[in-house]
Amino acid sequence: MAKTIISLIALVTLSFNVAAVAQDSEEADSREEFRSIDRDVQTLKKEVLDLNRDLFLLEEELLFPANSQVAFFVSMDVGEYFELDAVNIKIDGKEVANYLYTAREADALIRGGVQRVHMANLKTGDHELVAIFTGKGPHVRDYRRGATLNFNKGIGAKYVELEITDRVKKQQPEFVIKEWE
Amino acid sequence: MPRGRSIVSHLRSLLVLLALVVPSAYAATTEKEPIVVEDPHYGEVLFYFYQEDYFPAIVRLLAAQEQQKLDDHAEDAELLLGGMYLSYGHHLEAAAIFERMLAGNVSSDIRDRTWFFLAKIWYQRGYFEKSKEALNFIEGELPDNLRREALMMQAQILIESGEFDSAISLLQNWEGKTEWASYAKFNIGVALVQSGRIEEAQQVLAELGVLNPFNEELTSLRDKANLALGYALLQDDQPAAAKLPLQRVRLEGPFSNKALLGVGWADAEMDNFQRALVPWMELRSRDLLDSAVLESMLAIPYAMAKLDSISQAADHYLNAIEAFYEESNRLDRTISHIESGEMFDQFLTTDPMGSTGWYWQLAQLPEGPEARYLFHLLAKHEFQEGLKNYRDLDYLHRNLDTWQGSIDVYSNMLETRKEAYEERLPRVEDALGRADLDGMVNHKLDLDSTLNSIDKSHDWLALATPAEFDMWGEITGLEATQALRSDIPEAAEVRDKIQLLKGVLQWELEREFKGRLWSIRRDLGDAGEALVDTQRSRRQIDETMRNEPLKFADLSERVYGLGPRIEGMKMRVDDALADQRTFLQSIAIGELQAQKERLDVYTLQARFALAAIYDISSSTDGEAQ
């Protein structure tokens, strides 16, 4: 009986060796199939990305034509004295954006990212922008500060940057609004 | 938007960006250096990039490049795009960018590191040939940690392609006592076993089997080496020697099942079936997915039969057959679940809005009876990469769906705008027709010329107010009165008074003359500026009226052209999703079928052995009778 079982075990081992060889060739086939599908997926990804670019540009031109477009950006430099929670933006007394930041977004700002927080269509002429920044200031105290800018909207797109910087001497954050043409 | 930070050179930024996309590749050699943002559009791309939202980041970068808004960051943007393509799993496009940039004037240090980086990405995606090519492009000395990894990759590629001797000679001169040295040793051991040089392999693996590990990875490597050594010795008919390395494998670890099985076989080979039962019984309670556990279910009754516990052996064979049957049924259910396609939808709903691309990993398996099989499947490289693609394709599908909805809104918006424009146009044209701008300009020019002649002739009376002018007329009128010419004292007195009044008025007018002239000139100047503004506005209106229909035509063409493009792309994404699903299904089902076949073979073995036991029992009973 023992002989029978040993031979059966031997058979099993043999069958595994055969299976292993078969598996190797199956793996090679499966890898080739994966690569073929992967190449198709890569091509498709590129085409969808290009299509998204065209759609993105169309959307911007359609919703915010260049002659009336004003884009508002938020940026942070260093950010040691201020932990940003929210930004509230009013244009000509009317609230247009109230943005709450996730930790990931705030971190992206600290690392040098610039967020386009609002896009608007404004008539040529003078306008007033009021931005309120809320967050944690030095010593983790609640901090709320405002900044105002009177700006003139000419012909052509205009960019406005709400910049939070550190004033090292005073160990305080500083909120500056800058215009870009 | 200068940020008051250090200046970043082009070459350094390549390292920074590469470090950002694959931190491990550069972490040891690149200090954290901020990127200076000179342009809000570039900063906006970084905002998404730092959040690992690669798709919107790439779209914004491509859009800004198209609009030529990244002039201050042209080269950095190209590098960043390459890096993001990689992170998004679009390695072919990324490689094309890097190769293009590497063809330029780049230092050999950066060139070599970038080739290394590309080789690593291709190796991970199974493009071994491309990976090998990239490694061959490395000309100089890489930093130590990268050099070791590159060498290991090269050896692994050689092993994958069956060139064991080349792999062995490549790794044999390995220097140092780092983790990499241990991996190199293991790979030499494997290559030696695969090329049939068992004795040499034993020596290499034995050294590795007693190493003192300082992390989980090395402990696992030690287990692997001990397992390989133990089985090599078992194959070489050295069961006593095989036991030692097999017993060094941890009891709770990925290799413990096979080690326990091997220890049992070593004892069995030495006819110590009682001892062999100890590790095999331990295996009985473990997961049937492992072939070592399946085999133990046959090995136990085999040992019992050897110990003359025939009835117990028969019971265990029956238990094994029953367990194999139930497991086989479970496998059938899982296979039909996979065939229905529901499983892949579950994968997507488990983590619906997470990140896409290269670094995505399934955080949690979908719940259900098939989860334990999936766990094993996920260890398969192609399955995992295929799942990433499947997920990315699903993201593309949803993205296109959203755009399809938007594009309908945009076409409506465009039509409404066109209608509003056409409705307003006649009113505007009428108003413009009534406004005589040229007449106003001529009038202003006449006024300029009159003022000039007043100034030249010092005509102070011309600038008198109407009241002053009337007064002046009244005075000069009185002056001409006949009665005042008579030679009487009263007339002389009135004449003197008139002369006085006239003199006072003239003196006043002359005194005011300069001020009035200046004030009128200023008002005329303002009017002139207003006229210029009006003319400019008029030109803009004319230009808008000329361009607006063209703009509408261009936007209409784009809106109506993009609709079918989205539709077509969606169909292709759907097809690719179906292909990817079929591929994943075939891997998963293939794997489960193989397991089922193993179960069938084992069931057959158990039945044969059981029949043999019944045969022996009946013949023994017959002899007894």
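Two strands are taken to pair where DSSP finds at least two bridges between them, and helices (H or I, at least four residues) and strands (E, at least two) are DSSP runs numbered from the N terminus. The model is predicted, so that local features need pLDDT of at least 70 and side-chain atom pairs count only at pLDDT 80 or more, while totals for chains, interfaces and linings use all residues. Residues are numbered from 1 along each chain as its sequence is written, and chains are lettered from A and ligands numbered from 1 in the order in which they are written.

**View 1. The open sheet of chain A.** Four strands with mixed pairing form an open sheet in the order S4-S1-S7-S8 (chain A). Its edge strands, each pairing on one side only, are S4 (115-121) and S8 (172-180) of chain A.

**View 2. Strands S1 and S7 of chain A.** S1 (residues 69-77) and S7 (residues 158-167) of chain A pair in the parallel sense over eight bridges. Within these strands, Met76(A) stands opposite Ile164(A) in S7(A).

**View 3. Helix H3 of chain B on the sheet.** Helix H3 (residues 40-50) of chain B packs on the sheet and touches S1, S4, S7 and S8 of chain A, where contact requires C-beta atoms, placed from the backbone, within 7 Å.

**View 4. Helix H18 of chain B.** The 30 residues of helix H18 (residues 310-339) of chain B should span 44 Å at 1.5 Å a residue, and the end C-alpha atoms are 43 Å apart, which agrees; the expected span is 1.5 Å times one less than the number of residues. After H18(B) comes Gly341(B), whose phi is positive, near 85°.

Notes:
Contact = placed C-beta atoms within 7 Å. Axes fitted to C-alpha atoms, helices over the stretch in contact; angles between N-to-C directions.
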